[in-house]
Amino acid sequence: MYTRQEQQQAAQQTRQRLMVTVIPAAVVFVIAVVLFVIGRLNRSEDMWKLTAALTLAAGVYATFFAGVYVKPMRDYRNHINYMLDGRRRETTGYLIDFSENLSERNGVECHAIMINVGEKDEREDDRLFYYDVKKLPLPFEMGAKVTVTSNDMMVADIREA
């Protein structure tokens with residue numbers, strides 16, 4: 001399901017988003033420092049107010065964009081890294097449920113899927129996994145026998161058994 005190309009694209013996008021966040025905030029902060037020094041050299045009584053406002057603006061901008069713009073992409077990049085390079089486990093069973101509701105797992109939106117690994121269809125044999133929303137819909141019908149390759153309950157690959 002996941003490829004090295006996706007991994008590289010996610011890493012590149014994360015770097016780009018980080019630069020969009022860090023560079024403007026750093027420029028505003030440097031301007032604030034320069035204005036502070038100029039204000040001190042000219043013995044200005046009010047320059048510190050502008051300096052404080054610019055420093056605050058740079059901090060708020062960096063904090064906001066780091067949480068809203070960078071973090072989701074970093075979480076997805078980490079998810080892809082885990083799916084490709086992390087410890088994986090295979091589970092074979094019958095697909096019994098696919099939830100249309102979205103849930104969040106480690107910053108990644110997912111659909112919950114349920115696999116029954118038993119022979120008698122007992123509830124204690126059900127296994128819960130999470131399927132990435134950004135991937136294609138499941139190509140299997142309910143009741144199909146599938147093999148799920150997973151990393152910490154997240155589906156890294158799913159195929160017909």
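**Notebook: nonpolar patch, overall shape, aromatic rings**

Entry 1, the patch. I looked up where the nonpolar patch gets most of its residues: the largest share, 8 residues, comes from helix α1 (residues 4-41). I am working from a predicted model, not an experimental one. The members I listed for this surface patch are F29, V30, V33, V34, F36, V37, I38, L41 and W48. Together they have about 850 Å² of accessible area.

I then picked V34 from the patch. I found V34 in helix α1. Is V34 buried, partly exposed or exposed? I noted a relative accessibility of 43% for V34, so it counts as partly exposed, since that class lies between the 20% and 50% limits.

Entry 2, the fold as listed. I counted 2 helices and 5 strands in the chain. Reading from the N terminus, I wrote the order down as α-α-β-β-β-β-β. I next checked how spread out the chain is: its radius of gyration is 24 Å, whereas the globule rule gives 15 Å for 161 residues. The value is well over the rule, so I recorded the chain as more spread out than a compact globule. For the box filled by the C-alpha atoms, taken along the principal axes, I have roughly 85 × 30 × 25 Å.

I looked up what part of the chain is buried and found 33% of the 161 residues.

Entry 4, aromatic rings. How many aromatic pairs does the structure hold? I have 4 on the list. One of them is F64 with F65, an edge-to-face pair at 5.5 Å centre to centre and 85° between the planes. I followed F65 on to Y69: the ring centres are 6.2 Å apart and the planes stand at 80°, so this pair is edge-to-face too. The cut-off I used for that label is an angle over 60 degrees.

I placed F65 and Y69 in helix α2 (residues 47-85). They are 4 residues apart, about one turn of the helix. I checked the exposure of both residues. F65 is partly exposed, with a relative accessible area of 26%. Y69 is at 30% relative accessibility and counts as partly exposed. Last, I wrote down the cluster that ring pairs link together: Y61, F64, F65 and Y69.

Definitions and conventions:
Residues numbered from 1 in each chain as written. Predicted model: local features only at pLDDT ≥ 70, side-chain atom pairs only at ≥ 80, totals over all residues. Heavy atoms only, no water. Patch = residues over 30% accessible without salt bridge, like charges linked within 9 Å, V, L, I, M, F, W, Y side chains within 5 Å. Areas by Shrake-Rupley, 256 points an atom, 1.4 Å probe, with all protein chains shown as cover. Salt bridge = Lys/Arg side-chain N within 4 Å of Asp/Glu carboxyl O. Buried < 20%, exposed > 50% of the residue type's maximum accessible area, 1.4 Å probe, protein only. Rg over C-alpha atoms; globule rule 2.2 N^0.38 Å. Phe/Tyr/Trp six-rings, centres within 6.5 Å; stacked < 30°, edge-to-face > 60°.
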